[in-house]
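Please work through each task before reading its solution.

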Amino acid sequence: MQRFNYYKNLLADYSKPDLISNELAVKLLNDAEVYISLHEETLPQITTNYNLVQIERENKDWWSTHCEAWRQGRGDILAKEYTDGLVYLCADGPFYSRTAAKHREEHWWAITAQPGVTMSWPIVMFHDEVVYTEWCCIDNEVNETIAKGNETILRRGHRGGCYLKSAHLDFSRDVYAPNEFLYWLRREPET
C-alpha cells in the first residue's frame with residue numbers, strides 16, 4: 001500500500017509537531033467558535049438537505065480547528081465541541097454528558113498541552129460522520145514521546161457536533177498517583 005499524507009486536502013497539517021503560523025492559528029480558533037455557534041440543541045437528522053457528504057466535508061473543515069484548540073490548551077473550545085448528550089467511552093469511563101467528559105478530559109488536556117510539549121496527529125481518517133485519529137505528544141527539548149493514543153469520534157458536522165467518542169490513551173511521563181494511593185505503598189507491614 002502506498003503511503004500518503006492524511007492532511008493533503010486539509011487546511012493545516014498537524015501530522016508532525018511543527019507549529020503553524022500565528023495568523024492561521026488565530027483563524028482556526030475563530031473558525032472553531034463559529035462552528036460551535038452552529039450547534040443545534042438536538043442532533044440533526046441526516047437528510048437529502050443535510051447529507052453525509054456535507055457532514056464529512058464539515059468534519060474535515062473542523063479537524064484543524066480541533067487540533068489547534070488542543071495545542072493551545074483551549075479547553076473552553078474543546079468542551080463546547082461536544083453535544084450535551086455526549087457518550088465518551090474510554091478505559092476509566094464510560095462518561096455520559098459533556099460535563100462528565102470535560103471533568104475527566106481536562107486532566108488529559110493539561111498533560112498533553114503543557115508547555116514544552118507539542119501534540120501531533122500523524123493519522124486522521126474521515127468517513128461520513130466518523131473521524132478516526134492516532135496521536136502522540138512529543139517533548140520539544142528531548143523528542144521523547146510522553147503520551148500517545150487513538151480515538152474515534154462520531155461528529156454530525158457543524159450542526160450536530162461530537163456526540164460519541166471512544167479513546168485509548170497511554171501516558172509514559174507526567175502521570176502521578178494521588179497521595180492517598182501512595183499511602184498504601186508506604187505503610188508498614190502488619191505483624
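**Exercise 1: Strand pairing**

Task: determine how strand β3 (residues 117–127) is joined to β4.

Solution. Strands here are DSSP runs of E with at least two residues, and helices are runs of H or I with at least four residues, both numbered from the N terminus. Two strands pair if DSSP finds at least two bridges between them. Nine bridges join β3 to β4, and the two run antiparallel. Within this pairing, V117 has D139 in β4 as its bridge partner. The two strands form a hairpin with two residues between them, and D128 in the turn has a positive phi of about 55°.

The model is predicted: local features need pLDDT of at least 70 and side-chain atom pairs pLDDT 80 or more, whereas totals for chains, interfaces and linings use all residues. Residues are numbered from 1 along each chain as its sequence is written, and side-chain values use heavy atoms, leaving out hydrogens and water.

**Exercise 2: The next hairpin**

Task: describe how β4 pairs with strand β5 (residues 145–155), and state how far β4 is covered.

Solution. β4 and β5 pair in the antiparallel sense over nine bridges; W135 has G149 in β5 as its bridge partner. Five residues lie between the strands of this hairpin, and N143 in the turn has a positive phi of about 60°. Strand β4 (residues 130–139) is mostly covered, with seven of its 10 residues buried (under 20% relative accessible area, with exposed over 50% and partly exposed in between; 1.4 Å probe, protein chains only).

**Exercise 3: Contacts of Y14**

Task: list the contacts of Y14 beyond its neighbours within four places in sequence.

Solution. With contact meaning heavy atoms within 4.5 Å, Y14 touches Y7, I20, L28, S64, C67, E68, R71, S120, W121 and P122.
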